[in-house]
Amino acid sequence: MVIKSFPPNEPTALNTAGFDSSNNLKKNSFIQSIKQIRNLATFKSFIVNLFSINKKAVEVPKIEHIKPDNTSRLAAHKIEQENINAINNCKELTDDEKTSYLQLNQLGSAILNHPMYSKTVGLFRTSGNALERDKLVSHLSAGKSLKEYFLNKDIVDIKILTSAYKKIAANLIEKNIHSLEKKPESIHNLADAVQQKTTLLKEIFAQNSINQNERTQLTDADSMIQHAFLSLEKTPLTLQLVIPLFAEITKNQHTNKMDAYNLAACFAPNLATDSDLPIASKLKLNSDLQIYIEALINHDLKLQSYDT
């Protein structure tokens, strides 16, 4: 996935928290503003608002003659073709690795084409039967096709597909993202910038007032987060395949309850592979990776909104 620059001076919800420009704010207006800050005081909201998008641009079109299943199939085909291009353009892959990535890509399409896709709550959050998941993973690891797996089966539980997808992706990502505990430092820089803004907003809320200096600090914090995101290294190939799928899933969050934050929370632990880390370091790493994944998902949606 190619990371594009954001348009200059793009307004975000973090920059327009509802504060009146005058020095004397009415009490009710100020209370409302504080409530908005309080709602933003989570990593989830920071990233969502930082990489905010026009919601109308990413919602499934509400056109009566277009069925949701057709929309999902069209999205699955588009994502699959773009992922094939990304895989083919990665020249350092061995034949076996290329096969694994292509199978992961097909598995993602199968999820989007599944008849229960738009109706399943907690997609990727709820695990499928571990035995059936491992059978599917073993089948694909042996170089057998997904189509062959589906033969003589009436229907495969979508939770089996998502669980297998997550396990295969976790195995692949270990091959192309190295020593995340130490580098790339840009992931930690992004998380630190978000956490600094968290602290600032909490202080503003606690003191029940905001001055011009703090408004300037909020603007600077936005710039730091944006700079940290744009400084991220090239997205690993595994995530280049995973992120478009997750972005598509978030478009149905009103039914599946899986927004970018929830999907990131489900997948981020797969990137933290060092079991020898102290507990505190492991928790910090997982939190940083969650912010990283969430930012990538929302940025993918943002790019889509530019294309419409």
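E248 counts as buried, at 8% relative accessibility, where buried means under 20% relative accessible area, exposed over 50% and partly exposed in between, taken with a 1.4 Å probe on protein chains only. This glutamate lies in helix α11; helices (H or I, at least four residues) are DSSP runs numbered from the N terminus, as are strands (E, at least two). Leaving aside residues up to four places away in sequence, E248 touches A75, I79, L112 and Y117, a contact being heavy atoms within 4.5 Å.

Before going further, note that this is a predicted model, in which local features need pLDDT of at least 70 and side-chain atom pairs count only at pLDDT 80 or more, while totals for chains, interfaces and linings use all residues. Residues are numbered from 1 along each chain as its sequence is written, and side-chain values use heavy atoms, with hydrogens and water left out.

Now to the aromatic rings. A search of the whole structure turns up 4 aromatic pairs. Rings of Phe, Tyr and Trp (its six-membered ring) pair if their centres lie within 6.5 Å, with planes under 30 degrees apart called stacked, over 60 edge-to-face and the rest tilted. Y149 and F150 make an edge-to-face pair because their ring centres are 5.9 Å apart and their planes stand at 65°. Y149 is buried at 9% relative accessible area, and F150 is partly exposed at 28%.

F246 and F267 are also edge-to-face, at 5.6 Å centre to centre and 85° between the planes. F246 belongs to helix α11 (residues 237-250) and F267 to helix α13 (residues 260-267), so this pair ties together parts that are 21 residues apart in sequence. Both F246 and F267 are buried. Ring pairs join F124, Y165, F246 and F267 into a cluster.

Grid points are joined across faces, edges and corners, and the volume is the space filled by probe spheres set on the points. The largest cavity has a volume of about 60 Å³. Its lining includes I79, L112, Y165 and L245. Elements giving two or more residues to that lining are α4 (68-88), α5 (95-113) and α11, and α5 supplies the largest share, 5 residues.

Key:
On a 1 Å grid over the protein atoms alone, a cavity is a set of points where a 1.4 Å probe fits but cannot get out, and a pocket is an open set with protein on both sides within 12 Å along at least five of seven lines; lining residues have an atom within 4 Å of a point.
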